Amino acid sequence: MPIISQFYGILIYIYKEKGGKHKKPHFHAQYAEFESVYDFDGNLVEGDLPRKQQKLVEAWTLLHSDELSAAWKAWNENGEVIKIDGLR
C-alpha cells in the first residue's frame, strides 16, 4: 500500500483491492492511531480521525480529486504509484 501523499502528520495511501470490501475508488488516511477511508468526493466511508485532521483530509480531497482518480487508475491497472502534493 503505497503512500501517495502526506501533510501535517497525515498519511494518504491506496490499496489494490480486487473484489475488496469498498466497492468504489477510495483512499485511506492515517493520523497517529486513527485511520479512515474516504471516497474521492471527500466523504467519510469508514473509520474516524480527529475533527481537525478530518477537515484537512476533506479539503485536500476537494483540491486533488482529479489527481486521486488518476492515481487510483494507475495503481490498480499497472502498479504505478503517482504522488500527490500535500497541503501547505
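This report describes the strands of a predicted model and how they pair.

## Basis of the model

Residues are numbered from 1 along each chain as its sequence is written. Local features need pLDDT of at least 70, side-chain atom pairs count only at pLDDT 80 or more, and totals for chains, interfaces and linings use all residues, while side-chain values use heavy atoms, without hydrogens and water.

## The sheet

Five strands form an open sheet in the order β1-β2-β3-β4-β5, and the pairing is antiparallel. A strand here is a DSSP run of E with at least two residues, numbered from the N terminus; two strands pair if DSSP finds at least two bridges between them. Strands of a sheet pair through backbone hydrogen bonds.

The edges are held by β1 (3–7) and β5 (44–48); each has a single partner strand, so one side of each has no neighbour in the sheet. From one strand to the next, the twist averages 15 degrees, with axes taken as lines fitted to C-alpha atoms and angles running from 0 to 180 degrees between N-to-C directions.

## From β1 to β2

Four bridges join β1 to β2 (residues 10–13) in the antiparallel sense. Phe7 has Ile10 of β2 as its bridge partner.

## The two hairpins

β3 (residues 26–31) and β4 (residues 34–39) are antiparallel and share six bridges. Phe27 is bridged to Tyr38 in β4. The hairpin of β3 and β4 has two residues between the strands, and Ala32 in the turn has a positive phi of about 50 degrees.

β4 also runs antiparallel to β5, with four bridges. Here Ser36 has Gly47 of β5 as its bridge partner. Four residues lie between β4 and β5 in their hairpin, where Gly42 in the turn has a positive phi of about 85 degrees.
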